[in-house]
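Please have the sequence and the structure open while I talk.

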Amino acid sequence: MERYYQPEIETMPRDQLRALQDERLVKQVRHVWDNVPYYRTKMEAKGVTPDDIKGVADLHKLPFVTKADLRDAYPYGLMGKPKKDCVRIHSTSGTTGKRVMAFYTQHDVDLWEDCCARALVAAGATEEDVCQVAYGYGLFTGGAGLHGGSHKVGCLTIPISSGNTERQIGFMQDLSSTILCCTPSYAAYLGESMKEMGLGPDDIPLKAGIFGAEAWSEEMRQDIQNTLGIKAYDIYGLTELSGPGVSFECSAQAGMHVNEDHFIAEIIDPDTGEVLPEGSKGELVFTSLTKEAFPLLRYRTRDICQLNYEPCSCGRTHVRMAKPMGRSDDMLIIRGVNVFPSQIETVLLNNGYAANYQIIVDRVNHTDTLEVRVEMTPEMFTDNLGEIDKRQKELVAGLRSMLGLSAKVTLVAPKSIVRSEGKAVRVIDKRKI
Amino acid sequence: MSVKQISVFLENKPGELNALTGVLADHNIDMRAMSLSETNEFGIARIIVDRPLDTATLLKDAGYVCTVTTVLAVDIPHVPGGLNQVLNILSDAKINLEYGYAFLGGRKDSAYMVFRVADNAAATAALRAKGIQVVEEGELESL
């Protein structure tokens, strides 16, 4: 028997859902026009006013918001509410140019947590469950989102955050955690670590996991399900739109239901910007219908994706999106694992190194290799070789934990990483594929 | 009771040490002692020079990562068993050596040994109590 967190919304007939979206879109466009001069200027340049938007059918008339807009308007330029009405920010990692920062009113936080709660309930969570949130806490949306969702469901929530694998496994055993929330690569890593510790799926009572924040394959799902003895569910989200919970998998594990009462999904041709017919493969674009503090209209995600409007066996009526099939940004695929340079940078910064690094990817004997060259800094240098070695090993462990990949770390002399026009060349991919 | 040693991070590749000594030569820095430690990819050059603080500043300006460490320099009688006698004292005092290196310092009857220990004061006290000379600040620099 399928359970829902908000059954009346999650199973709402599609015509009613469309009417709700129409009504919310009209209101949201008005809100943005009145409160976000940056976007209003874009609308004016396109000759569109709120009067032109009577419902979802008119959505295509609105201009897109891109990452470049986020950069131009950074940090406060796309805010829809004055600071006094906002209660929180979240942010992605990455250098200033790449960092995404989003703002939330209390109402925004509340709706976001509802979205995460829907994902948890779809994965089988009830108030009887013990939910171990092993996403990073802090600026990253993963920890806060699933933490809030877990509270809403009434699970006993363990805010353990990411890392410290032995402690994670210790908590799972001691507190009998039943739900695990983290990145899929960390879930896989936890599984491997358990094996190394001589533990099998029967040694932990875990029953389900919600794994997002990076793309993962069906093979990886099978692998995680087998090693941890759980059902593994995907969850999708973007900091720009709130965080995890924009869409989530149900018991069918066949696509992620977009929370369409809060977000409208479109598929466009990434070159022309034209909306593509139902079922087409193209770039995913989202419009947030209910966000107050950071109300993005037609935000281009850069994820290449497909939407499925077929009814789902779980009873939810909301459209399902496929796992994103590709991107048009700096993501690398190394030994089947998706690696963003910003993830590596996060680990470096967390470990006290500066963001002066270079990623070298190569293929040796049919196997991808990942080397991270890091410039030595005065802060990280010590006269003690053993201490330097220890810090280097911690960095390798941190990268492994973040990426689910082992990387070779090479410490190099200051300023030895080639900078072109003042900016370092971050990635050298020597593979011939 | 102690001397200032400069530890410099170097990559383990041809020409790196040469570049470092080049900087010292260009600035008329005179080295009293040197020790090299290495891993596969990088090493630390530990040097004792006539003008340690000036040297640290100019190395930093030249883009090196370096640190000034206070180490113990001990006068070792230049006779068989000379070092053994000193180490006996440190061993009895339960003082652990992180690393050490020797140099002659141009004298016939004694040599110097540089030791890195956690507690310079304790090591100095233990050695002096047994009549071993510990080199004062400035003494090595002015050799």
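The largest nonpolar core in this predicted model has 89 residues, and within that core the residues with the most contacts are Leu120(A), Cys181(A) and Ala187(A). Its largest share, ten residues, is supplied by helix H5 of chain A, which covers residues 106–122. If we leave aside residues up to four places away in sequence, Leu120(A) touches Ala125(A), Gly149(A), Ser150(A), Val153(A), Ile179(A) and Ile210(A). Apart from this core there is another one, of 53 residues, whose members include Ile359(A) as well as Leu90(B), Tyr112(B) and Phe115(B). As a general point, nonpolar side chains in soluble globular proteins tend to be buried together.

Let me turn to the helix pairs. In chain A, the axes of H7 (residues 165–175) and H8 (residues 184–196) come within 10 Å and cross at roughly 80 degrees, and H7(A) and H8(A) are therefore roughly perpendicular to each other. On the H7(A) side the contact is made by Thr165(A), Gln168(A) and Ile169(A), and on the H8(A) side by Tyr189(A), Leu190(A), Ser193(A) and Met194(A); of these residues, four are nonpolar, three are polar and none is charged.

The second pair, also in chain A, is H10 (residues 341–350) with H11 (residues 385–403), whose axes come within 9 Å and cross at roughly 140 degrees, which makes H10(A) oblique to H11(A). The crossing of H10(A) and H11(A) is right-handed. Here Gln343(A), Ile344(A), Thr346(A), Val347(A) and Asn350(A) of H10(A) meet Leu395(A), Gly398(A), Leu399(A), Met402(A) and Leu403(A) of H11(A), a contact with six nonpolar residues, four polar ones and no charged ones.

Technical notes:
Residues are numbered from 1 along each chain as its sequence is written. Chains are lettered from A and ligands numbered from 1 in the order in which they are written. This is a predicted model: local features need pLDDT of at least 70, side-chain atom pairs count only at pLDDT 80 or more; totals for chains, interfaces and linings use all residues. Axes are lines fitted to C-alpha atoms, for helices over the stretch in contact, and angles run from 0 to 180 degrees between N-to-C directions. Helices (H or I, at least four residues) and strands (E, at least two) are DSSP runs, numbered from the N terminus. Angles under 35 degrees count as roughly parallel, over 145 as roughly antiparallel, 65 to 115 as roughly perpendicular and the rest as oblique. Two residues are in contact if their C-beta atoms, placed from the backbone, lie within 7 Å. Ala, Val, Leu, Ile, Met, Phe, Trp, Tyr, Cys and Pro count as nonpolar, Asp, Glu, Lys and Arg as charged, and the others, Gly among them, as polar. A crossing is left-handed if the near helix is turned anticlockwise from the far one by less than a right angle, and right-handed if clockwise. A nonpolar core is a set of buried Ala, Val, Leu, Ile, Met, Phe, Trp, Tyr and Cys residues joined through C-beta atoms within 7 Å. A residue is buried if 20 or more other C-beta atoms lie within 10 Å of its own, exposed if 12 or fewer, and partly exposed in between; C-beta atoms are placed from the backbone.
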